[in-house]
Amino acid sequence: MRRVTLTQYLIEQQRAGRINADLRLLIEVVARAVKAISVNVSKGALADLLGEAGTDNIQGEAQKKLDVIANEILFQANEWGGHLAAMASEEVEEVHQIPFDYPRGGYLLLFDPLDGSSNIDVNISVGTIFSVLRNPGKDTEPSEQSFLQPGREQVAAGYALYGPSTLLILTVGNGVHGFTLDREMGSFAYTHPFMTIPVETHEYAINASNARHWEPPVQRYVAELQQGSTGPRGKDFNMRWVASMVADVHRILTRGGIFMYPMDEKCRKQGGKLRLMYEANPMAMLVEQAGGAATTGRERILDVVPHKLHQRVPVILGSASEVERVAAYHREG
Ligand code: AHG
Ligand code: MN
Ligand code: MN
């Protein structure tokens with residue numbers, strides 16, 4: 001069976017005027033890096049790739065070997081193409097500048113190289129999340145300030161999911177499109193055109209061990225879900241929590257539902273658990289492009305004006321009606 005590849009899809013997007021040659025190259029290069037990360041993730045213990053790297057990242061979290069490897073793969077793949085002005089990563093405190101021997105382009109790339117690191121050693125799906133912004137200035141060395149744009153300014157966003165199949169899910173602002181890595185061919189096949197979040201849902205995803213730390217609106221919402229058919233919702237809900245945001249969001253893009261890592265007393269000082277610039281923003285763009293919604297509880301995620309690169313935010317995203325209900329409970333106090 002002849003399938004459209006990612007390359008062909010991107011060329012068609014370029015012909016339709018939705019992306020330019022540099023953005024096409026950028027996405028192709030990210031996809032190439034994703035293939036390399038996928039190879040490493042699947043080797044696991046065979047190549048001694050499980051476990052800790054022995055270092056901490058900027059978030060004060062112990063880095064896994066694969067966090068470090070995935071980060072290196074993305075930096076190296078994206079340095080030389082001439083499409084980027086700079087990069088930023090969950091794993092590195094400062095902006096990553098393009099080495100002087102390479103040309104510079106007009107885009108900024110941000111990523112969470114390996115999302116769901118706690119799942120690496122137990123052989124559960126992990127992912128990569130990325131976000132693309134325009135470089136607002138003409139500086140050859142963009143500062144942190146250049147990155148601090150609200151998520152609605154993203155020109156592209158996506159994630160890779162390293163599961164039973166490796167998937168690349170992408171938006172350039174014209175819906176959400178999914179590609180499956182064909183390992184024999186070495187290319188991504190266009191398998192999931194125009195993904196949309198089903199409106200009707202019976203599933204929610206939240207780390208319920210934090211229940212006692214949640215704010216009252218989230219406690220109320222989850223309590224109502226748990227009352228099922230005997231409560232105000234009049235139907236039973238099911239709960240899922242992979243603890244890899246990529247996998248949890250992919251389930252929601254596939255069969256609907258709501259994902260929450262809300263504000264709680266444990267993470268209040270940091271502003272939330274998940275990172276705005278390379279976790280919440282790209283996922284919010286994808287979810288909105290798929291017909292869903294994404295809020296902090298009090299504000300649309302894509303409207304949050306960032307004040308620092310590694311800023312954290314509360315995240316509530318998924319089927320629009322459920323997300324709107326949680327936001328309404330926040331407004332009611
Ligand atoms: P990362 O591995 O990039 O640090 O991100 C982990 C995040 C996210 O993927 C997931 O939804 C959440 O942390 C899991 O948190 P809990 O361990 O509290 O369940
Ligand atoms: Mn993450
Ligand atoms: Mn990570």
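Which ligand sits in the largest pocket? Ligand 1 does. (A pocket is an open set of points on a 1 Å grid over the protein atoms alone, with protein on both sides within 12 Å along at least five of seven lines; a molecule sits in it if more than half of its atoms lie within 2 Å of its grid points.) This is a predicted model, in which local features need pLDDT of at least 70, side-chain atom pairs count only at pLDDT 80 or more, and totals for chains, interfaces and linings use all residues. Residues are numbered from 1 along each chain as its sequence is written, chains are lettered from A and ligands numbered from 1 in the order in which they are written, and side-chain values use heavy atoms, with hydrogens and water left out.

**Ligand 1**

- Ligand 1 is surrounded by 18 residues, and the closest are Asp115, Gly116, Trp241, Met245 and Tyr261; a residue counts as near if one of its heavy atoms lies within 4 Å.
- On its own, ligand 1 would have 480 Å² of accessible area, of which the protein covers 84% (Shrake-Rupley method, 1.4 Å probe).
- Two or more residues of the shell come from each of β5, β13 (258-261) and β14 (274-275). Strands are DSSP runs of E with at least two residues, helices are runs of H or I with at least four, and both are numbered from the N terminus.
- Strand β5 gives the largest share of this shell, three residues.
- A polar side-chain atom of Asp115 is 2.7 Å from an oxygen atom of ligand 1.

**The manganese ion (ligand 2)**

- Asp112 (OD), Asp115 (OD) and Glu279 (OE) are the protein donors here, at 1.9 to 2.2 Å from the ion. Donors are N, O and S atoms within 2.8 Å of the metal (3.2 Å for Na, K and Ca), and because water is not among the atoms, sites may look incomplete.
- Asp115 belongs to strand β5 and Glu279 to helix α7 (residues 276-289), so this pair ties together parts that are 164 residues apart in sequence.
- Asp115 is buried, at 5% relative accessibility, and Glu279 is buried at 2%. Buried means under 20% relative accessible area, exposed means over 50%, and partly exposed lies in between (1.4 Å probe, protein chains only).

**The manganese ion (ligand 3)**

- The protein donors of this ion are Glu90 (OE), Asp112 (OD) and Leu114 (O), which lie 2.1 to 2.2 Å from it.
- Glu90 is in the loop between β3 (84-89) and β4 (96-97), while Leu114 is in strand β5 (residues 107-115), 24 residues apart.
- Glu90 is buried, with 4% relative accessibility, and Leu114 is buried with 1%.
- Asp112 bridges this ion and the manganese ion (ligand 2), and the two ions lie 3.7 Å apart.

**Two side-chain pairs**

- His96 lies in strand β4 and is buried, at 18% relative accessibility.
- The side chains of His96 and Glu79 form a polar contact of 2.7 Å. A polar contact is a pair of N or O atoms within 3.5 Å; within protein, one must be able to donate a hydrogen and the other to accept it, and residues adjacent in sequence count only if both atoms are side-chain atoms.
- Glu224 is located in helix α5 (residues 216-227) and is buried, with a relative accessible area of 12%.
- Its side chain makes a polar contact of 2.5 Å with the side chain of Tyr329.

Conventions: On a 1 Å grid over the protein atoms alone, a cavity is a set of points where a 1.4 Å probe fits but cannot get out, and a pocket is an open set with protein on both sides within 12 Å along at least five of seven lines; lining residues have an atom within 4 Å of a point.
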